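Here are a few notes for when you open this one up.

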Amino acid sequence: MNKQKRFNQIVKDIKEVKIQGARNIAKKALYAYSLIPTKASRKKLLSLRPTEPMLENILEMAEKGKSIKEIKKHFNAAQEKINKNVFKIIENNDVVFTHCHSTNVVNALIYAKKKGKRFEIYNTETRPLFQGRKTARELRKAGIKVTMFVDSALGVALSKEQGTEKVDKIFIGADAILKKGVINKIGSEVIAQIAKNQKIPVYIVADSWKYTPKKTPIENRKLNEVWDKAPKNIKIKNPAFEFIPKKYIEAIISELGTLSYASFLKKAKSAQ
Ligand code: RUB
């Protein structure tokens, strides 16, 4: 396959969410940019998933001359530190809740399991694209016990009801870390609100390169993801992401440490 074809294939896979999650999108887009490093390809890649500042940050770094190798190295180095920080937070017998599919979260959970922590996972299926199934499969493959809920069972999953255990902590990823809060998969704010009522700490597990001082739009996706061939007179909305105000967030676990929101912002700003 020539470079243009490979570039086009990556563009298609990101657009169709075959490549998903902020980290995977950024990594693949970086590779695509390395094939055709022009302003036009940067523009094209940025247009694919508008709620992804890490994508924007790394393409900007690449354009300013930071080597692709160096940027790639960051992803793994950051993940290793995140794994160690998450390991310290998980306690034996914890019930940990997660939503959607976050590579930063999944990798850290698998690391904790490999290093001997005993815990189980509750997760959501994550309509409309069911990224929760990917999470469940990957965690189960690593030997972690997983219980999946439909999204509308959040209230049950997050409280001790109908045979469920009390959730001890919540780990969710982030697409964007902003001054006043975090953007993550739709449903994340409801999760954070219920968690607040139930006194369950919400940890954002994310690479600090997801931080941006810029205004970040929420991506609205195709309506047929919700209801293919829906009757014409029914209005459908399909926002992919949601803003979680910082007041709901216990800490941000990144390669910079496990930090309060304010400390994270301070460190992330000086690290960029
Ligand atoms: C994925 C999602 C993830 C973040 C972080 O949404 O919301 O929680 O992107 O993921 P989508 P990661 O499936 O629509 O891309 O930790 O992999 O960067």
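1. The shell around the ligand holds four nonpolar, eight polar and five charged residues. Here Ala, Val, Leu, Ile, Met, Phe, Trp, Tyr, Cys and Pro count as nonpolar, Asp, Glu, Lys and Arg as charged, and the others, Gly among them, as polar. Keep in mind that this is a predicted model, where local features need pLDDT of at least 70, side-chain atom pairs count only at pLDDT 80 or more, and totals for chains, interfaces and linings use all residues. Numbering runs from 1 along each chain as its sequence is written, and side-chain values use heavy atoms, with hydrogens and water left out.

2. Which residues come nearest to the ligand? Of the 17 around it, they are Q20, S102, D175, N184 and K210 (near: a heavy atom within 4 Å).

3. Now the polar distances. A polar side-chain atom of S102 sits 2.6 Å from a ligand oxygen, and a side-chain N or O atom of Q20 is 2.7 Å from an oxygen of the ligand. A22 uses its backbone instead: an N or O atom there is 2.9 Å from a ligand oxygen.

4. On its own the ligand exposes 450 Å², and the protein buries 100% of that (Shrake-Rupley areas, 1.4 Å probe).

5. Domain 1 (3-66) and domain 2 (80-271) both contribute to the shell, so the ligand lies between them. Those bounds come from an automatic or database domain assignment.

6. Over on the backbone, the R127 to P128 peptide bond is cis, with omega near 0 degrees. T126 has a positive phi, near 70 degrees, and is not a glycine. Most residues other than glycine have a negative phi, and most peptide bonds are trans, so give this stretch a second look.

Notes
Polar contact = N/O pair within 3.5 Å; in protein donor to acceptor, adjacent residues only side chain to side chain.
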